[in-house]
Amino acid sequence: MLATPTPSPAETRDNTAFDALLWTLSRPGLPRKLPEPGEGTIITALLDRECLVYSADPLLMPEIMRTGAELADIDRADHVFLGAMTTSDPIADINIGSDFYPDAGATVIIRASFGSGPALRLAGPGVDGAMSLQLDGLPDGFWKARAARLRYPMGFDLFFVDGARVVGVPRSTTVEEV
Amino acid sequence: MSLSTLTKPWEAMSYGFLDGSAKRELRRKMLKSVAVPGCQMPYASREVPMARGWGTGGLQVSLTLVNLQTRVKVIDQGADDSVNAASIRRFIARVAGTPTTMDTLEADLIQSRHRIPEEILREDQVLVLQVPNPEPLRSVQPNMSIARQMHADADYGRMWLQLYEQIVRSGRVMQGASYPSLVHGRHVMTPSPIPRWDVPKLHMAKHLTILSAGREKRIFVVPPFTRVEPLVFSDVPYKVEEHGALTCTRSGTTGFFMNEIPQDDGTSSFEISDSEWGVKTIRARDGEGENRGETWYKDGEMPQ
């Protein structure tokens, strides 16, 4: 009889982090808790040697390098860490995949704070009717720049991180500034 | 950087059987499939100790999602106790130490072959469907590359033509299971070979549905609150199987999807397909307590 394997602390952390990511991406605008504050658990749950990563935040570099992921320019990267954004210029360069392979569109992780700042109205798959969300710390014109890039099903998917909380906004979500 | 930081402690087996890189790849692909509902995403589909075509796709998704607290239910054509369901359930419990259940209401994760349970799934539940053939266009376009182009162009004309021809030839749509459905108004998907009875349960549902084809190496998702519309002509309405008036011979429950059991005299008798619903009905009848949840179909009809 085989002994049941027990999850290592790293396995549990990655599993919990992914659970939060999957939940919040399938219910845009509803925050979930990551096991630890910051992007670290997202990095270990998702990245490995198969990934091309761009990071605007040099402090995340050691953690990204430890996963074995390859560094790339923003227009080639499949995972983009923008840290706390000061300008919405990087949005123009993010890889949005192709009509053949929409899955090549990047996953973008940005630091923001929830519960204050401009109000947004979200609609689309995962949202029951409409959902309101307040995000602060994003540069001016961020949502316009996003809307200008999206050509559904081509596009990129956003995760906003505030401490240990994470909110997902997939490309299928329409975002309206109110 | 030293050798000890690059290696991990030795383990007889990874938790949940799949190794770390397989899980991370599946995680990345699951996120992408949530972002583009109904669009088939290619993934690596690793080996699991089960033959391809027996639920390996669903199993890999389940093994990636489970932790020690996830209560797992596995069904095969509605039944918890068929060989395939029992084997998969035991395998997951053995390699991931998860608690198991047969009760739909208790389950956190439901892996299913070709049925959606009759009780309404909650928002904290995940349904994993095993998919034998993920490509709805295969019957009209066997070339995968051209089919991919057709999905990219949202070119579903041949799909409609096929349905039209069925109506002209037979007077009705002959598609029984895996009825092609438009997800979020953009991608046509096959909902896996669930009966027509189950397709409306996916429309604007509260739960997350993940469909995974292990042999074909494709994964796609129906997020909660997403439109799933069966392809129908405006003058030929979508019809589910006429099971609304049938009664189960073993439990006496009426108004749910039934298995038809041919009899020696040429007639048929019917048994409830969702076996746990039958068990619960029998328990309630015998006075052993009522724990039946709310169902999608009421009196054999899906409320609009």
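In the predicted model, B:T295 is partly exposed, because 19 other C-beta atoms lie within 10 Å of its own, whereas a buried residue would need 20 or more. B:T295 is located in the segment that follows helix 7 (275-285) of chain B. Leaving aside residues up to four places away in sequence, B:T295 touches B:E118, B:E119 and B:I120. Between B:T295 and B:S178 the separation is 117 residues in sequence, and their C-alpha atoms are 22 Å apart in space.

Chain B as a whole contains 7 helices and 11 strands. For its 304 residues, a compact globule would have a radius of gyration near 19 Å, and the value of 20 Å for chain B agrees with this. The C-alpha trace of chain B spans about 70 × 55 × 35 Å along its principal axes. Buried residues make up 47% of the 304 residues of chain B. Among contacts in chain B with a separation of 6 or more, 62% are between residues 24 or more positions apart.

Chain B includes an open sheet of 6 strands in the order 1-8-7-4-3-2, with mixed pairing. Strand 1 (41-42) and strand 2 (72-76) of chain B are its edge strands, each pairing on one side only. Strand 2 of chain B runs parallel to strand 3 of chain B, to which it is joined by 5 bridges; here B:V74 stands opposite B:Q111. Strand 3 (residues 109-113) of chain B is in turn parallel to strand 4 of chain B, with 4 bridges between them.

Strand 4 (residues 126-130) of chain B is mostly covered, with 5 of its 5 residues buried. From this strand, B:V126, B:V128 and B:Q130 point one way and B:L127 and B:L129 the other way, and all are buried. The pairing of strand 4 with strand 7 (residues 208-213) of chain B is parallel and comprises 5 bridges. Helix 2 of chain B lies across strand 1, strand 7 and strand 8 (218-222) of chain B, and runs at about 45° to strand 8.

Helix 2 of chain B also takes part in the contact between the chains. This contact draws on 34 residues from chain B and 34 residues from chain A. On the side of chain B that touches chain A, the elements giving two or more residues are helix 2 (20-35), helix 4 (83-96) and helix 5 (144-152) of chain B. Of these, helix 2 gives the most, with 11 residues. The residues on this side of chain B comprise 18 nonpolar, 6 polar and 10 charged.

In chain A, strand 5 (residues 107-111) is largely enclosed by the rest of the structure, because 4 of its 5 residues are buried. Strand 5 of chain A pairs in the parallel sense with strand 4 (residues 79-84) of chain A over 5 bridges, and A:H79 stands opposite A:T107 in this arrangement. Strand 5 of chain A also pairs in the parallel sense with strand 8 (residues 157-162) of chain A, again over 5 bridges. In strand 8 of chain A, A:D157 is the bridge partner of A:T107.

Nonpolar side chains tend to be buried together in soluble globular proteins. The largest nonpolar core in the model has 100 residues, of which A:L21 and A:V108 touch the most other members. Helix 1 of chain A supplies the largest share of this core, 7 residues. Apart from this core lies another, of 9 residues, including B:C248, B:F257, B:I272 and B:Y297. With residues up to four places away in sequence not counted, A:V108 touches A:V80, A:L82, A:I94, A:F156, A:D157 and A:L158.

A:E11 is also placed in helix 1 (residues 9-26) of chain A. With 18 C-beta neighbours inside 10 Å, A:E11 counts as partly exposed. A:E11 and A:E39 are separated by 28 residues in sequence and by 16 Å in space, C-alpha to C-alpha.

Notes:
Residues numbered from 1 in each chain as written. Chains lettered and ligands numbered in written order. Predicted model: local features only at pLDDT ≥ 70, side-chain atom pairs only at ≥ 80, totals over all residues. Contact = placed C-beta atoms within 7 Å. Nonpolar A, V, L, I, M, F, W, Y, C, P; charged D, E, K, R; others polar. Buried ≥ 20, exposed ≤ 12 C-beta atoms within 10 Å, placed from the backbone. Pairing = 2+ DSSP bridges. Core = buried A, V, L, I, M, F, W, Y, C linked by C-beta atoms within 7 Å. Rg over C-alpha atoms; globule rule 2.2 N^0.38 Å. Axes fitted to C-alpha atoms, helices over the stretch in contact; angles between N-to-C directions.
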